[in-house]
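Please load the model in your viewer, with selection by chain and residue number ready to hand.

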There are 2 protein chains.
Amino acid sequence: MLDRQVEAPPSLAMSGVLTQLSGYLAAAALPEDGRLPPERELAELLGVKRTELRRSLAVLEREGQLWRQVGKGTFVGPRPPQLLDIADLAERSNPLQVMRARIGLEPELARLAAINATAMEIATLAELNAACRAAATWREYEAYDARFHHQIAEAAHNPILLALLETLNAVRRAVTWGRPRPSHLRPPADHHSFADHERIVDAIAHREAAAAADGMRRHLQNVEDRLIGRQP
Amino acid sequence: MLDRQVEAPPSLAMSGVLTQLSGYLAAAALPEDGRLPPERELAELLGVKRTELRRSLAVLEREGQLWRQVGKGTFVGPRPPQLLDIADLAERSNPLQVMRARIGLEPELARLAAINATAMEIATLAELNAACRAAATWREYEAYDARFHHQIAEAAHNPILLALLETLNAVRRAVTWGRPRPSHLRPPADHHSFADHERIVDAIAHREAAAAADGMRRHLQNVEDRLIGRQP
DNA sequence: ACTGCAACCATTCGAGAATTGGTTGCGCCA
DNA sequence: TGGCGCAACCAATTCTCGAATGGTTGCAGT
């Protein structure tokens, strides 16, 4: 992170402008978002040239009292966290980190599903697991598997967690996944996920929250182990 | 959910158009996103009037074979999940659900922080906890508390979970929170969070992943209990 | 009274202009 | 000749307006 010094460093002579600017910030009625007038206007308002004003703004920015962005403007206060550029997020992540995120989220979803799921949602879950078993190809299996996990998230009846999982899935689809499975083969009949899913559905159906969460945690841990190659 | 019947119900006489449309869907080369020509074009292509075509489209939409949106177009396949309208999400959520989401996310973050945190990050955590203790008002306390939790998320070194937590926090800021605390008072010296935070920092500093996750879980559980009013 | 049709409506997208913070190069003054 | 300010220019963002598109309504014809 080399801090390219493109503008002249602040000199001592400009402190007058800085205090003038601080005075303006204290006096002026800023809009809700803390945006202050564009540099060209503000310079004229304060009776200074733009270059001079920019030096003071640079100081305040380094102090963290305001932040600026090209095309947007200058704002007082801390820079708001940028949320969710999925493409960028996918680039900076790897499949293992995605699994960690799933392990963080989905057990809690299973727990809530055990508490809140309706009878119809539980029935759908059982059907989806059966469909996983009957899948003729890996691709088809994965489609049903995705719907299985999504159904649990819906059954949790927590819109926030549901939205977070959907975001996570969007990232998941975007990260370059390790080895694609051969598309012509079908999952083996003793694939661990079948039993895993079974346990989870049972726990939810019997309203055993802790068991549902634990089942989901173990299931995802199994998936992660395969992903790492611990049991390929 | 009353299904306002704005258009005429499908009659039996239109099955001809429906099969014609199905034939087109099978034969035509659709673009990657499954979008098919606008209704006006498609009607002319099939030699049908728009009204008639729309009746068939309505049938297929009800069957889930395609979805339509004003200004966008008509697409084959299931409707993609809309992700993350934070304002809308905040409306459909309540503080309790936010807490549930935090309980799902943050213990895992604490666990990963215990594994991945750098010495500097751990030191910052300790400083933030001290700042919480020294806060002169509830408002100041909450600012440091937020930074404390954010710092743990950063120390986890998992960009996905970090982004999810930031999203969650955006929702948290947007939901109408219960009773605001009196802004002139300061948190009592024996506020449970101080000890909670202490335990979490210790666990992370000693690289005890399970203890860190458990500490965070208990901490948030305490917060939720206060929120409900179980121990006000 | 029912049906079909064309005009109209609300929403979305896209191209291009306008805005705004960031940078460069020319010229003025010492 | 060197340092400094100024205006023009650059790139990122937002604004604006028109076209496109699915949804609705009112009118005419039978």
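Begin by selecting A:R54 and A:E39, whose side chains meet in a salt bridge at 2.7 Å, N to O; the term stands for a side-chain nitrogen of Lys or Arg within 4 Å of a carboxyl oxygen of Asp or Glu. The pair links distant parts of the chain, with A:R54 in helix α3 (residues 50–62) of chain A and A:E39 in helix α2 (residues 39–46) of chain A, 15 residues apart. Helices (H or I, at least four residues) and strands (E, at least two) are DSSP runs, numbered from the N terminus. Over all chains, a search of the whole structure finds 22 salt bridges.

Before going further, note that this is a predicted model, in which local features need pLDDT of at least 70 and side-chain atom pairs count only at pLDDT 80 or more, whereas totals for chains, interfaces and linings use all residues. Residues are numbered from 1 along each chain as its sequence is written, chains are lettered from A and ligands numbered from 1 in the order in which they are written, and side-chain values use heavy atoms, with hydrogens and water left out.

Next, display the strands of chain A, where three of them form an open sheet in the order β1-β3-β2 with antiparallel pairing; two strands count as paired if DSSP finds at least two bridges between them. The edge strands are β1 and β2 of chain A, each pairing on one side only. Strand β1 (residues 35–36) of chain A is joined by two bridges to strand β3 (residues 73–76) of chain A, and here A:R35 stands opposite A:F75. On the other pairing, strand β2 (residues 66–69) of chain A and β3(A) run antiparallel over four bridges, with A:L66 opposite A:V76. Follow the chain from β2(A) to β3(A) and you trace a hairpin with three residues between the strands, where A:G71 in the turn has a positive phi of about 80°.

Now move to chain B, which also holds an open sheet of three strands in the order β1-β3-β2, paired antiparallel. Its β1 (35–36) and β2 (66–69) stand at the edges with a single partner strand each, so one side of each is left without a neighbour in the sheet. Select B:L36 and B:T74 to see two residues that stand opposite one another, the latter in β3(B).

How can chain B be laid on chain A? A turn of 178° and a shift of 0.2 Å along the axis bring chain B onto chain A with an RMSD of 0.6 Å, the copies being superposed by least squares on the C-alpha atoms of residues with pLDDT of at least 70 in both. That is the relation of a two-fold axis.

Finally, show both chains and select the residues in contact (heavy atoms within 4.5 Å): 30 residues of chain B touch 30 residues of chain A. Of the interface residues of chain B, 100% are also interface residues in chain A, so the copies meet through the same surface. The count of salt bridges between chain B and chain A is zero. On the side of chain B that touches chain A, α4 (86–91), α5 (95–116) and α8 (159–174) of chain B each supply at least two residues.
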